[in-house]
Amino acid sequence: MKKFITLFIFLTVFLAKAQTESDPIKIEASINKISETEYDVIFNAKLFKGWYLYSQYNPEDASLPLEVSIPEGATGYKLIGNPKEEDTFKKYSDVWEVEEIVFKDKARITQRIQLTNKDITQIKINFFGQVCETACINIDENFTISLSGAVLAETIVLDEKSKLLTQNLKLDLKNKALLRSNSDVDTTSSNGLFSIFFLGFVGGLLALLTPCVFPMIPLTVSFFTKQTNNKRKGIFRAVLYGFFIVFIYILLSLPFHFLDNLDPEILNTISTNVWLNIFFFAVLVFFAFSFFGFYEITLPSSWGNKMDSASSVGGILGIFFMALTLAIVSFSCTGPILGSLLAGSLTADGGATQLTAGMTGFGLALALPFALFALFPNWLNALPKSGGWMNTTKVVLGFLELALAFKFLSNADLVAHWDLLKREVFIAIWIIIFIGLALYLFAKIKFPHDSPIKKLSFSRVSFGVLVIAFIVYLAPGVLKNPTWNLSLLSGFPPPQFYSIYEQENNCPLGLDCYKDFDEGLAKAKAVNKPILLDFTGWACVNCRKMEENVWSELDIFRLLKNDYILISLYVDDNEKELPENQQFNFLKENGKLKQIKTVGDKWSTFQVINFKNASQPYYVLLSPDLEVLNTAQQYTDRDTYYAWLKDGLINFNSKE
């Protein structure tokens, strides 16, 4: 289990490590002359409340210790001994189960250096450390300090090649004020966010049917029966119990709000990271087989015992620990559902906001019945007894987990261009999985914890028939010319052009498209047609939905084919390297360098610097002389998109 915790913390650090001015630690460096050849470099740090910086002497297999070092290439001086630390104290970590040595609120670290070259006038020194609260952030900062005492700003000078290629990325857009896309609206209040909340709520309802949650019902009733005989207090405590359940699940999403402090491209980088998608695939497969009953996923019993014993304290604290006990004891069944929600949110444009919405829905669905059971203990007698139907629910969830897992493996395959999970192969795997589910529902196959079945219930047969209908729906998807388009699944299978059958081109719906902006622009100038600039991604679900459900409409398809030059730029193509003469360093607004090495690096940066947007799909209409023809557009419905294309064409023709 510690390995799982370590991996979770690693991912949290990975998501949160890029920094901005809102970092929870501020470090100032100064220098104090000791002799002609020796100086003390002093780091004074201030930490936000609740955050900890870890000492250089922190134990192994715990949070990362701080380190002061000389950056590579710096010469003329050396470090004398280890840094001296002031005001550290010990703090027990429940995660690592060791006492850690930490700084709280402030830190003072002094590193002595000795000059080996008396002619140098400044030094550069690196400070590395980890600060944690509910998430961890790595601090890796270089300080350039004059021996006279001044801290110098580090000056980054771009080479001529980088200056030229950076300039080539910037467009001289005309009518730029028109670029107020629908992404400028607060998406956190959109119907899409409510949909995520609703999906989380459905996940919470499913969790109620799992055998790990069911045993908590009598425990809840027992706990609240002993609490009080006062009706008003009973209502208050029941409501408080429900609130704490929701609150705990919201807390689980808070570390991921550090995503909001990252560079605009970071969400895309995370969502399309090959190894992260493989990790999600492995985790969901692992959870699926636990649902099948081959093994159980449990937290250490000591954790559950500690929480359970604390719940007997009574009062508000006892109610909180009772809610926490519910979350911990039910983990082996709710973990897979929460894992799916986490993975889906991290691979969506809404990131942490969507995750919080989903977690709120999940916690609310779980909290409502438990608050009622806390209010009306006698309801226990009216509940159906635990039995085989619960295990059936668990196994069905296992099949769904297994199907979802292959979506993440498909993302990795698409981005890495492995050509393993082509569209037809993906659909064939889903058909096999759902055939397995149908066989299970009709009792042709069994799993370890299944009870003997004497007669199939009506609900089980009905659900089995629905699964067979779904298999029939999927079946044409493995053919070269399918009978129908799998529009209900748009975004889950790979794009239609990613096929085992030979395709005319590698563009959506067989349209002509350009995957390089300059090539597409040259074509638009040659034929005097407007440009549809399509910022897309291999692993972009909404991009596939737009292509397969909106672009495929005949009137829209004709406009794209006959009246526009389509330029599709894949911002997540991070496995395909640019030719060496096109690779360069890009100086970002925060003063950090970004290496432009891959096709994805180039087009994601191109989107941000010209359109101040980092989400996909993102559509811009341009004339060949780079005049914006309409407001930018994102994921939308067929009628809105058609009207948008027509208006852009009218605006283009009116300027002729």
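# Figure legends: close-up views

**View 1. Strands E12 and E14 run side by side in parallel.** Strand E12 (residues 513-514) is joined to E14 by 2 bridges. Strands here are DSSP runs of E with at least two residues, helices are runs of H or I with at least four, and both are numbered from the N terminus. Two strands count as paired when DSSP finds at least two bridges between them. Tyr 514 has Ile 567 of E14 as its bridge partner.

The model is predicted: local features need pLDDT of at least 70, side-chain atom pairs count only at pLDDT 80 or more, and totals for chains, interfaces and linings use all residues. Residues are numbered from 1 along each chain as its sequence is written, and side-chain values use heavy atoms, with hydrogens and water left out.

**View 2. E12, E14, E13 and E17 make up an open sheet of 4 strands.** The strand order is E12-E14-E13-E17, and the pairing is mixed. E12 and strand E17 (618-622) are the edge strands, each pairing on one side only. Strand E13 (residues 531-536) pairs with E14 in the parallel sense over 6 bridges. Phe 535 stands opposite Leu 569 of E14. E13 and E17 pair in the antiparallel sense, over 5 bridges. There, Asp 534 has Tyr 619 of E17 as its bridge partner.

**View 3. Strand E14 (residues 565-570) is mostly covered.** Of its 6 residues, 6 are buried. Buried means under 20% relative accessible area, exposed over 50%, and partly exposed in between (1.4 Å probe, protein chains only). Ile 565, Ile 567 and Leu 569 point one way from E14. Leu 566, Ser 568 and Tyr 570 point the other way. All are buried.

**View 4. Cys 507 and Cys 513 form a disulfide.** Their sulfur atoms lie 1.9 Å apart. A disulfide is a pair of cysteine sulfur atoms within 2.5 Å; by this rule the count comes to 1. The link of Cys 507 and Cys 513 is left-handed, with -80° about the S-S bond. Cys 507 counts as buried because its relative accessible area is 4%. Cys 513 is buried too, with 16%.

**View 5. Leu 169 of helix H2 (residues 160-169) is a buried residue.** Its relative accessibility is 4%, so Leu 169 counts as buried. Contact means heavy atoms within 4.5 Å. Leaving aside residues up to four places away in sequence, Leu 169 touches Phe 584, Lys 602, Thr 605, Phe 606, Ile 609 and Asn 610. Leu 169 and Thr 605 are 436 residues apart in sequence, yet 8.3 Å apart in space, C-alpha to C-alpha.

**View 6. The second largest cavity has a volume of about 40 Å³.** A cavity is a set of points, on a 1 Å grid over the protein atoms alone, where a 1.4 Å probe fits but cannot get out; lining residues have an atom within 4 Å of a point. Points are joined across faces, edges and corners, and the volume is the space filled by probe spheres set on them. By this rule there are 4 cavities of 30 Å³ or more. Pro 495, Gln 496, Phe 497, Pro 508, Leu 509, Glu 547 and Glu 548 line the second largest cavity. This lining divides into 4 nonpolar, 1 polar and 2 charged residues. Nonpolar covers Ala, Val, Leu, Ile, Met, Phe, Trp, Tyr, Cys and Pro; charged covers Asp, Glu, Lys and Arg; the others, Gly among them, are polar.

Note on methods: On a 1 Å grid over the protein atoms alone, a cavity is a set of points where a 1.4 Å probe fits but cannot get out, and a pocket is an open set with protein on both sides within 12 Å along at least five of seven lines; lining residues have an atom within 4 Å of a point.
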